[in-house]
Amino acid sequence: MQALRSAAVLLAVTTLLAGCGTITSPPSRPAPPNNQSKVVVNSLGMRFVPIPAGRFWMGSAEPAQELAKAYPLLEAERFAALSDEAPVHEVHISRPFYLGQHEVTVGQFRRFLAQSGYQPESVSDGTGGYGYNPQYDPATTQRGDAFEGRDTRYSWRNPGFKQADDHPVVNVTWNDAQALAQWLSQREGVRYRLPTEAEWEYACRAQTRTRYPHGDAPAALTQYANVFDQSTAPLWPKWKQHALPGNDGYVFTAPVGSYPPNAWGLHDMQGNVWEWVSDWHDEGYYAQSPTTDPQGPETGSVRVRRGGSWHTWAFYARCSYRNWNSPQTRYTLVGMRLLREWGPAVAKPD
């Protein structure tokens, strides 16, 4: 697997709470808006929220000194390594679309496999995935990867910690996401796909310009997202100074929809699992990006993923932050969210 962008984002796992998924007495959170009448539900039980066409400012040009004030424990070089978030540029999303209200769940992915006969890459290529193992010591490996793998013990079925059917599926590749989208498109007569990077950030921001949909304050993330906090800090004492001061209620993945949605009714756009998008990554793409419906570079070697995960530091869960991996990457922190294109389904001929 291609090395992930930052060892700080993908933290080394130690020995506590093996297999544990929750912390008792999670914090109280604001009630979500009532938008149930707007949701479309597909044949796998995925819920899709309508996202209007519109314009927004994509990217970030926040000065390093301001970031240093907000994230005082991070090294200065981290703030200088964000050139791919600039320049900030206006983007026009010309067509409305539906975006998954939640990340694709374990149960939905299981039903897809049972009905389609598809084998995910962690199974079909015989190399497995990555997983949490309290006995695994990254220091004993050449790469020092945060998780054990690849190993055939690990796959979407087993990331090394407990998941229920309502948790986001992990250890899925970009190619697995493409297979799911293509199968749903053929089955339902409406096009499913991964969102473009621009569509993802547009939907994440939901007409905001702040670091997160809720505002600029990193500490408030524990009310809105499953990221690296006091529920996870005991597992990774080396990085405990970077844990948010609050408790989001979960050590590993949380059931989808556990936190309040953004203004457009989307849950977990920050944290829980990284989400594949359709684009190839190019460090300088924003400088030449089309204004209307940018699709990303025509070629590349790595695909973009967005949003952060359950052990991502707050700095890397900002709306504008970009990360990437090879399309074959399968990892304990990486999942997906699908887009359903606007319009009614077309009946398939008998």
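Colleague: I am new to this structure. What share of the residues of the protein counts as buried?

Modeller: Welcome! Of the 350 residues of the protein, 58% count as buried. Please keep in mind that this is a predicted model. As for its parts, the protein has 6 helices and 13 strands.

Colleague: Which contacts join residues at least 24 apart in sequence, and what percentage do they make up?

Modeller: Take the contacts between residues at least 6 apart in sequence: 79% of these join residues at least 24 apart. V172 and L333 give an example of distance along the chain and in space, being 161 residues apart in sequence and 9.5 Å apart from C-alpha to C-alpha.

Colleague: Let us stay with V172. Where does V172 lie, between which strand and which helix?

Modeller: V172 sits in the loop between strand 7 (148-151) and helix 5. Buried means under 20% relative accessible area. V172 has 0% relative accessibility, so it counts as buried. Leaving aside residues up to four places away in sequence, V172 touches F109, W156, W276, T329, R330, V334, G335 and M336.

Colleague: How should I read a nonpolar core?

Modeller: Here is the general idea: in soluble globular proteins, nonpolar side chains tend to be buried together. In this model the largest nonpolar core has 59 residues, and L180, M336 and L338 touch the most other members. Helix 3 (106-116), helix 5 (174-188) and strand 9 each supply at least two residues of this core. Helix 5 gives the most, with 7 residues. Apart from this core lies another, of 24 residues, including I93, F97, A198 and A206.

Colleague: Which residues does M336 touch?

Modeller: Not counting residues up to four places away in sequence, the contacts of M336 include V104, F109, V172, L180 and W276.

Colleague: Which residues of helix 3 are buried, and what do they pack against?

Modeller: The buried ones are V106, G107, Q108, F109, F112 and L113. These buried residues of helix 3 pack against helix 5. Just after helix 3 comes G117, with a positive phi of about 80°.

Colleague: Now the strands, please. How do I read a sheet?

Modeller: Strands of a sheet pair through backbone hydrogen bonds, either parallel or antiparallel. Here, 4 strands form an open sheet in the order 11-10-9-12, with mixed pairing. Strand 11 (323-325) and strand 12 (334-335) are at the edges with a single partner strand each, so one side of each is left without a neighbour in the sheet. Within the sheet, strand 9 (residues 274-280) and strand 10 (residues 303-306) run antiparallel and are joined by 3 bridges. W276 has R305 in strand 10 as its bridge partner.

Colleague: Which residues line the largest cavity?

Modeller: Its lining consists of M58, H89, E197, A198, D279, Y285, Y286, S289 and P294. By type, the lining residues of the largest cavity divide into 5 nonpolar, 2 polar and 2 charged.

Technical notes. Residues numbered from 1 in each chain as written. Predicted model: local features only at pLDDT ≥ 70, side-chain atom pairs only at ≥ 80, totals over all residues. Heavy atoms only, no water. 1 Å grid on protein atoms, 1.4 Å probe; cavity = no way out; pocket = protein on both sides within 12 Å on 5 of 7 lines; lining within 4 Å. Nonpolar A, V, L, I, M, F, W, Y, C, P; charged D, E, K, R; others polar. Pairing = 2+ DSSP bridges. Core = buried A, V, L, I, M, F, W, Y, C linked by side-chain atoms within 4.5 Å. Buried < 20%, exposed > 50% of the residue type's maximum accessible area, 1.4 Å probe, protein only. Contact = heavy atoms within 4.5 Å.
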